[in-house]
Amino acid sequence: MLTIGIAGGTGCGKTTVVNQIIEQLPVEEVGVISQDSYYKDLSHLNYEQRSKINFDHPSAIDFDLLHEHLEKLKKGETIDQPVYSFKEHNRTGDAVPTPPRKVMIVEGILILTNPEIRELFDIKIFVHADSDERLIRRLKRDINERGRDLQEVLDRYQNTLKPMHEQFIEPTKEYADIIIPNNRYNTVAIDIVRTIINEKLV
Ligand SMILES: Nc1ncnc2c1ncn2[C@@H]1O[C@H](COP(=O)(O)OP(=O)(O)O)[C@@H](O)[C@H]1O
Ligand SMILES: Nc1ccn([C@@H]2O[C@H](COP(=O)(O)O)[C@@H](O)[C@H]2O)c(=O)n1
């Protein structure tokens, strides 16, 4: 199994890059795991308490479960990837059976911060977009798709997102084998990554 980690700050375009990479690859050969599925279960807290959690700090992620799942996939076992709700700030209780594939892509803001997880990646990619571009994209996405309002996104950006990005996420760029500039759609970079994957698939 070829395991690819794709990191980068919120709104840099990780999910979009993953979708572009897998678009022309055989469905049965490639699987995707999102770090968002591994936000810790917060069922013991009420909505008000959950909404105050710092979701940009590594401690928000259940890295033990993610590690266990990646090890299982490497052994050829199917895992149950938890489903996460950004509207509820919690896991839904559902899970998606995720079988092992020749290529597994793991994407998320914090996946390169954890040394044990980093070790499991054959290729580490960091997607870069400038912070103003990321904030604009995040505002649009969170309001349109994640049930947030302008004030919520801006407060979260100032209080947690920006400082956490500078402290934890941006420094992981140094672990990347490939950095994709993504202020604009970067089809050349996508083609290069796809070529690398195709070489491994034959
Ligand atoms: N290169 C790009 N140029 C303009 N908009 C983009 C680009 N890449 C992604 N987007 C848009 O920005 C938003 C955030 O992208 P997404 O892939 O969800 O980022 P991430 O997964 O890194 O948070 C989405 O609405 C997406 O359509
Ligand atoms: N309940 C939550 C959980 C996470 N977030 C934010 O999501 C961002 C990570 O996801 P991306 O798709 O943008 O990479 C992260 O910056 C968290 O602030 C949230 O808003 N609510």
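Predicted model: local features only at pLDDT ≥ 70, side-chain atom pairs only at ≥ 80, totals over all residues.
**Figure 1. Ligand 2 and the residues around it.** Let's start with the neighbours: 15 residues surround ligand 2. Thr10, Asp56, His89, Arg138 and Arg141 are the closest of them. Sort the shell by residue type and you get eight charged, five nonpolar and two polar residues. As for where ligand 2 sits, the spot is the largest pocket.

**Figure 2. Polar contacts to ligand 2.** Here we zoom in on single atoms. Asp56 puts a polar side-chain atom 2.5 Å from an oxygen atom of ligand 2. His89 faces a nitrogen atom of the ligand instead, with a polar side-chain atom 2.8 Å away from that nitrogen. How much of ligand 2 does the protein cover? On its own, ligand 2 has 470 Å² of accessible area, and the protein covers 99% of that.

**Figure 3. Ligand 1 and its contacts.** Now for the other ligand. There are 13 residues around ligand 1, and Gly11, Lys14, Thr15, Thr16 and Arg141 come nearest. Look at Thr16 again: an N or O atom in its side chain is 2.6 Å from an oxygen atom of ligand 1. Two further side chains pair up with nitrogen atoms. In Asn182, a side-chain N or O atom is 3.3 Å from a nitrogen atom of ligand 1. Tyr185 also has a polar side-chain atom 3.3 Å from a nitrogen atom of this ligand. Taken on its own, ligand 1 has 560 Å² of accessible area, of which the protein covers 79%. The space that ligand 1 takes up is the largest pocket.

**Figure 4. Salt bridges, with two pairs picked out.** Side chains with opposite charges can pair when their charged atoms come close. How many salt bridges does the structure hold? The count is 13. One of them joins the side chains of Glu48 and Lys52, at 3.8 Å from N to O. Is Lys52 buried or exposed? Lys52 counts as exposed because its relative accessibility is 63%. A second pair to find is Arg50 with Glu88, whose closest N and O atoms are 3.7 Å apart in their salt bridge.

Notes
Residues numbered from 1 in each chain as written. Chains lettered and ligands numbered in written order. Heavy atoms only, no water. Near = heavy atom within 4 Å. Polar contact = N/O pair within 3.5 Å; in protein donor to acceptor, adjacent residues only side chain to side chain. Areas by Shrake-Rupley, 256 points an atom, 1.4 Å probe, with all protein chains shown as cover. 1 Å grid on protein atoms, 1.4 Å probe; cavity = no way out; pocket = protein on both sides within 12 Å on 5 of 7 lines; lining within 4 Å. Sits in = over half its atoms within 2 Å of the grid points. Nonpolar A, V, L, I, M, F, W, Y, C, P; charged D, E, K, R; others polar. Salt bridge = Lys/Arg side-chain N within 4 Å of Asp/Glu carboxyl O. Buried < 20%, exposed > 50% of the residue type's maximum accessible area, 1.4 Å probe, protein only.
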